[in-house]
Amino acid sequence: MEARTVSVLAGLAHRVASAAWRSASGLRTCTTTTPTYGRTSVYVKEALDLLDFDPQVEKAILNPDREVTVNLVVPMDNGEVNMFPAYRVQHNNALGPFKGGIIYHPGVTLENMRNLASLNTWKFSLLNVQFGGAKGGVGVDPRSLSERETEKLTRKYVQALQEVIGPHTDIPAPDINTDEHHMAWIFDQYSRLRGFAPAAVTGKPTWLHGIVGRDKAGGRGAAIATREFLTRSLRRKVAGTSFLIQGFGKLGSWTAQILQQEMGAKIVGVSCSETAVYNEEGLDIPALRAHVAAGGLLKDFPGGTGVLNDDSFLDLPADVFIPCAVDGTIHAGNVHRCVNFKAVVEAANGALTPEADAALRKAGVPVLPDLIANGGAVVVSFFEWVQNNQNMQWEEDDVKRELDRYLTDAFEALLREQSLHAGCSLRTAGYLVALRRLQQADSVRGHS
């Protein structure tokens with residue numbers, strides 16, 4: 001594979017050197033030690049040390065196939081014209097077409113996109129989803145845009161990148177600060193330019209070629225992965241186990257609800273960017289979700305006690321901690337507060353920095369990595385793409401059953417790989433599985 005860099009225009013001197021992002025719901029930022037792009041490479045290199053890879057193959061695996069940088073010129077409602085830097089990084093397509101979300105955030109940089117595109121490659125490979133890793137983003141504060149300006153920006157993104165995205169080339173999806181409305185605009189704009197193509201993007205509204213169950217797919221996937229982790233690695237039941245969940249957006253709230261309502265877990269604490277709530281007897285998650293949906297703050301929920309949402313939240317008693325917020329929330333400066341948990345489930349992409357991961361490993365705290373814990377949404381995105389290519393609608397029971405099968409199979413692969421290497425963590429085992437599959441596909445296709 002030859003790395004190809006396409007620079008359409010120089011990016012604006014607007015790149016914010018932020019190690020973590022704040023989502024639309026205002027999730028807090030934090031500091032980290034390892035640069036964003038370096039994080040995934042740290043884990044890949046650790047796995048490569050256990051394999052006999054040719055150095056040239058290693059170089060090709062670590063570097064993206066293509067990087068695209070463009071400036072999007074958008075007329076604003078007040079008559080001014082603004083430019084926004086936009087990116088698309090395509091990491092490796094040995095297993096299938098590129099796939100990855102689109103982020104709208106002022107902290108978006110090319111470095112961020114490289115790391116997340118690479119992470120997607122390994123995640124898809126481990127989950128046996130036939131895609132290659134990609135990621136895109138626009139350096140913009142979406143809160144500063146009107147709906148009309150947001151639509152213009154989204155359509156400009158598609159117009160600028162139409163040559164490198166498409167249903168069999170690179171399929172975008174929602175991510176931080178983008179949702180089904182943005183995906184509907186992408187579907188429409190791409191279809192205007194290239195012909196009717198519902199499979200050109202996933203995460204669309206269910207009534208516009210989307211798939212049922214996608215809104216809760218991330219949370220369901222995290223819950224399924226947690227179930228396998230607890231029952232097969234830790235030899236304990238989910239029912240009765242107490243959980244502390246950081247982040248109560250779509251991912252965190254659905255993870256909490258499915259763990260509690262379908263698996264009998266006890267959710268004792270939940271935090272978000274503004275407040276947090278705790279109840280050692282367990283929170284009523286459906287009631288808490290309704291409280292938040294009605295505009296209430298977590299600290300004011302009558303079924304619990306309001307607590308601080310800073311790092312002291314990590315000191316609250318619980319068996320398992322699940323970070324569901326943004327990347328880097330657990331880092332060298334606060335990981336010491338996590339050593340009393342019996343396990344950590346990394347439901348958010350990159351929630352643990354490599355320094356934090358190493359510290360937990362040294363302390364003997366088992367970690368279920370984001371490669372599988374954050375896999376629910378990408379698996380169901382794959383189902384939506386298959387559905388669109390089949391031109392038929394899947395039933396929700398089919399989505400739930402197949403998602404469970406994919407994640408159960410992936411965890412089985414993790415355990416098999418872990419058994420081959422003494423002292424190997426689940427994270428390293430995941431990257432080993434992913435690397436082997438990618439190497440095999442690459443070799444058979446003749447890329448190497």
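Q: How many aromatic pairs does the count come to in this structure?
A: In this predicted model, the count comes to 11 aromatic pairs, where two rings are taken as a pair if their centres lie within 6.5 Å.

Q: Why is the aromatic pair of Phe124 and Phe131 called edge-to-face?
A: The planes of Phe124 and Phe131 stand at 65° to each other, and their centres are 5.7 Å apart; because a pair counts as edge-to-face when the angle is over 60 degrees and the centres lie within 6.5 Å, the name applies to Phe124 and Phe131.

Q: What makes the aromatic pair of Phe382 and Phe383 tilted?
A: Here the centres are 6.3 Å apart and the planes of Phe382 and Phe383 make an angle of 50°; since stacked needs under 30 degrees and edge-to-face over 60, the pair of Phe382 and Phe383 is tilted.

Q: Which residues do ring pairs link into a cluster with Phe124?
A: Phe124 is linked through ring pairs with Phe131, Phe382, Phe383, Trp385, Trp394 and Tyr406.

Q: How do you know whether Phe124, Phe131, Phe382 and Phe383 are buried or exposed?
A: The relative accessible area is 1% for Phe124, 1% for Phe131, 10% for Phe382 and 1% for Phe383; because buried means under 20%, Phe124, Phe131, Phe382 and Phe383 count as buried.

Q: How do you know that the charged end of Arg289 sits over the ring of Trp254?
A: The charged end of Arg289 is 4.1 Å from the centre of the Trp254 ring, and the distance part of the rule asks for CZ of Arg within 6 Å. The charged end of Arg427 likewise sits over the ring of Tyr43, 4.5 Å from its centre.

Q: Why is helix H3 described as largely enclosed by the rest of the structure?
A: Of the 18 residues of H3, 16 are buried, so the rest of the structure largely encloses this helix. Helix H3 covers residues 110-127 and reaches 26 Å from its first C-alpha to its last, close to the 26 Å expected at 1.5 Å a residue; just after H3, Asn128 takes a positive phi of about 60°.

Q: Why does the span of helix H7 agree with its 14 residues?
A: At 1.5 Å a residue, H7 (residues 250-263) should span 20 Å, and because its end C-alpha atoms are 19 Å apart, the two values agree. As 11 of the 14 residues of H7 are buried, this helix is largely enclosed by the rest of the structure; among the buried residues is Trp254, and what covers them includes helix H6, strand E7, strand E8, helix H8 and strand E11. Gly264, with a positive phi near 80°, follows H7.

Q: What makes E10 and E13 edge strands?
A: In the open sheet of 7 strands, ordered E10-E9-E8-E7-E11-E12-E13 with mixed pairing, strand E10 (305-307) and strand E13 (367-368) each pair on one side only.

Q: In which sense do E7 and E8 pair?
A: E7 and E8 pair in the parallel sense over 5 bridges, while a pair needs at least two; the bridge partner of Leu244 in E8 is Gly269.

Terms used: Residues numbered from 1 in each chain as written. Predicted model: local features only at pLDDT ≥ 70, side-chain atom pairs only at ≥ 80, totals over all residues. Heavy atoms only, no water. Phe/Tyr/Trp six-rings, centres within 6.5 Å; stacked < 30°, edge-to-face > 60°. Buried < 20%, exposed > 50% of the residue type's maximum accessible area, 1.4 Å probe, protein only. Lys NZ or Arg CZ within 6 Å of the ring centre and 35° of its normal. Helix = DSSP H or I, 4+ residues; strand = E, 2+ residues; numbered from the N terminus. Expected span 1.5 Å × (residues − 1). Contact = heavy atoms within 4.5 Å.
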